[in-house]
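Me: I would like to learn how to read salt bridges in a model. Where do I start?

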Amino acid sequence: MNAERHPLLRHLARPSPVGKRPQVSFIVCTRDRAAVLEACIDSIRVACAAHPAFAAELVVVDNGSRDGTAEYLASAATMSDIAVTAISEPRAGLAAARNAGLARARGRVLVFVDDDCRLDRNYLVDLERHYASGEKWLIRGGRVEIGDERDLPFTIKRCDKHERLTRAVHPGGFVLGCNMTMHRDVAALIGPFDERFGAGGSLRSAEDTDYLVRAMLAGMAVEYVPDMTIFHHHGRRGRKAVDRLHRDYHFGNGALCLKHMRRAPFLLRHFYWAMRAAMRELIGGPCFDRELRLSHWPIVLMNLAGAAKFALLVLAGRPNRQAQRVQETIEASAEASAR
């Protein structure tokens, strides 16, 4: 669905007076993480100061924080050397927060950065170089390095090759939502993030992957570049946190598979490959991630649970009590088996 059918994003297609629109909008969504948010914003300001010719603004969406984030943002806006717009979005969920940011961003290029990330000083230099070609009908993501060596090597991407997504590769993680960029016309065409997906939503994750799939279905490229670097300070240092996120990612991916089953059947092929790898794991085959000791079985089981949850959301609009009890049983069984 495009911007014409979504008033929330209609302004993305509306021209601004010459000289009034910044060239880039950084969109940061946050909830109860004022301490890491301050470091994130400082890194954006440093990157902007290192390349002042590429005019930038910062749009921060406070998704219902209760830790003093609103007060910090009010202070930061008055002291910042770049334009800061602070938005309060009380509806829970990362996708809803991202949509609120889109609705206020004025830049030609939109950059999504998570609040626990810090930009490399040369980020804007790399960003401008990649967008200087004039090719705009694509989604582009950059390198995501670990920010603190004490954190486990998860939710990072360190590939040194410039690549474009094909249907032979699962879109999940090809471009990470914590370092995802696009021209505003791309967002106007694709429309808002699906608010059923994403952290804090019914489907827990995959709002960024859903966006990539929708871009592919619209005929756009999805590109990874080995620069445009951010450092992810995710803070996950124990097995429990990584295992939980691993399950949540594949819960969302299962819902994604069912949502796009007709138009993107290649996602079913990836589920088949995961099932086959899980069966091989039973007879001594390799696990999903040797370093983190992650199995293929949570992928399979949580994919099935996520698909079931998506089906209930579609059939019921929102789960009634009986459907909710059924779904909770499905989720609990899947998670117990996935551990």
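Reply: We go through the salt bridges of this predicted model.

Me: What is the general idea, and how many salt bridges does a search of the whole structure find?

Reply: Side chains of opposite charge can pair when their charged atoms come close. Here the search of the whole structure gives 27 salt bridges.

Me: Which residue forms a salt bridge with D81?

Reply: R45 does, with the closest N and O atoms 3.2 Å apart. The pair links distant parts of the chain, 36 residues apart. D81 sits in the loop between α2 (69–79) and β3 (83–88), and R45 in helix α1 (residues 34–50).

Me: Is D81 buried or exposed?

Reply: D81 is exposed, at 55% relative accessible area. R45 is partly exposed, at 27%.

Me: Where do D151 and R237 lie in the chain?

Reply: Their side chains meet in a salt bridge, 2.7 Å from N to O. D151 is in the loop between β7 (144–146) and β8 (163–164). R237 is in the loop between β11 (230–232) and α7 (239–259). They are 86 residues apart. D151 counts as buried because its relative accessibility is 5%, under the 20% cut-off. R237 counts as partly exposed, at 43%.

Me: Which residues are linked in a network of salt bridges?

Reply: D194, R196, D210, R214 and K259 are. Within it, D194 pairs with K259, the closest N and O atoms being 2.8 Å apart. D194 lies in the loop between α5 (184–190) and α6 (207–217), and K259 in helix α7, 65 residues apart. D194 is buried at 12% relative accessibility, whereas K259 is partly exposed at 26%.

How values were computed: Residues are numbered from 1 along each chain as its sequence is written. This is a predicted model: local features need pLDDT of at least 70, side-chain atom pairs count only at pLDDT 80 or more; totals for chains, interfaces and linings use all residues. Side-chain values use heavy atoms; hydrogens and water are left out. A salt bridge is a side-chain nitrogen of Lys or Arg within 4 Å of a carboxyl oxygen of Asp or Glu. Helices (H or I, at least four residues) and strands (E, at least two) are DSSP runs, numbered from the N terminus. Buried means under 20% relative accessible area, exposed over 50%, partly exposed in between (1.4 Å probe, protein chains only).
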